[in-house]
Amino acid sequence: MKSSENQTPNVGTGDVKSAKRTVQILEILASSKTSMSLSAISKAGQIPKSSLHGILKTLVDQGWINFIEENSSYVLGLKSLKVGARFLDTDKLTNGALLYMAQFRDTFGETINFGRFDGYNVIYLSSFESSKNLRKYSRIGRSTPAYATSMGKAILAARPFEEVESIYTSSFTKLTAKTVPDLSALEVELAQCRKDGWSIEHGQSSIGYSCIAIAVSDQFPPINSLSISMHTKDLTAKYRDIILPELFSLAKKIIS
């Protein structure tokens with residue numbers, strides 16, 4: 001008689017499809033800045049409303065998402081936050097960076113971020129905010145297309161451009177009027193990044209702000225990056241030359 005540990009679970013095609021749709025729904029809600037109606041989720045995920053309603057009810061019952069009665073829409077629930085927080089608690093590199101990032105922020109007074117590439121976006125895993133910026137929201141957990149951020153470009157620049165082309169097969173989303181418009185323009189920026197060893201962007205992801213970033217070389221090609229963000233008027237060439245060596249030093253400390 002075979003041990004049950006070696007037997008393949010009897011999972012039907014319908015169960016697999018439901019599981020995939022469940023994950024898809026959570027990803028759709030995670031990427032939205034506002035609550036979403038059933039119709040909006042259905043359209044975004046191309047999921048039939050008849051199937052979607054039951055999955056949403058289960059996710060609400062289990063605490064993964066919340067239903068907002070005022071406008072009949074859905075947002076992520078506390079259980080989703082709990083899982084995300086647990087990831088940050090157990091990620092060695094993210095935790096190893098915290099002390100050094102805090103010291104950098106306190107020394108220079110600038111916002112410093114640590115992010116990771118997920119294959120398309122950069123996810124902000126840690127951020128120490130400058131008191132000068134006073135943003136109304138936390139960056140942690142937010143995702144931004146890598147082509148629109150200095151962190152993402154520092155990561156993409158280490159890859160053959162053919163790989164970058166295979167990732168971004170559709171039109172670029174314009175986060176601001178200055179967001180890099182297409183692959184041709186991105187190729188130019190990535191070539192400059194390879195030459196310099198760091199990347200920079202002015203107002204491509206947030207108007208009025210500039211960011212300078214380097215990849216963290218704990219693996220190749222890199223998936224992690226550090227960036228400093230500040231008001232565009234403050235990021236002069238002279239100041240850049242002062243903070244860049246410190247940023248490279250910080251990256252080495254994280255992986256040592």
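Helices and strands are taken here as DSSP runs, at least four residues long for helices and at least two for strands, numbered from the N terminus. The model is predicted. Just after helix H2, Gln46 adopts a positive phi of about 50°.

**Helix H2 and its faces**

Helix H2 covers residues 38-45. Leu38, Ile41, Ser42 and Gly45 are its buried residues. Viewed down the H2 axis, these buried residues lie within an arc of 100°, so they line one face of the helix. An α-helix has 3.6 residues a turn, so residues three or four places apart point the same way. Lys43 and Ala44, on the other side of H2, are exposed.

**Packing of H2 on H3**

The axes of H2 and helix H3 (residues 49-61) come within 10 Å, crossing at roughly 115°. This crossing of H2 and H3 is right-handed. The contact joins the residues tabulated below.

| Helix | Residues in the contact |
|---|---|
| H2 | Leu38, Ser39, Ile41, Ser42 |
| H3 | Lys49, Leu52, His53, Leu56 |

By class, the residues of the H2 contact with H3 are four nonpolar, three polar and one charged.

**Cys211 in strand E8**

Cys211 lies in strand E8, which spans residues 209-216. Is Cys211 buried or exposed? Its relative accessibility is 11%, and buried means under 20%, so Cys211 counts as buried. Leaving aside residues up to four places away in sequence, Cys211 touches Ser150, Ser199, Ile200, Glu201, Ile228 and Ser229. Ala237 is 26 residues from Cys211 in sequence, and their C-alpha atoms are 13 Å apart in space.

Terms used. Residues numbered from 1 in each chain as written. Predicted model: local features only at pLDDT ≥ 70, side-chain atom pairs only at ≥ 80, totals over all residues. Heavy atoms only, no water. Axes fitted to C-alpha atoms, helices over the stretch in contact; angles between N-to-C directions. Left-handed = near helix turned anticlockwise from the far one by under 90°. Contact = heavy atoms within 4.5 Å. Nonpolar A, V, L, I, M, F, W, Y, C, P; charged D, E, K, R; others polar. Buried < 20%, exposed > 50% of the residue type's maximum accessible area, 1.4 Å probe, protein only. Arc of directions from axis to C-beta.
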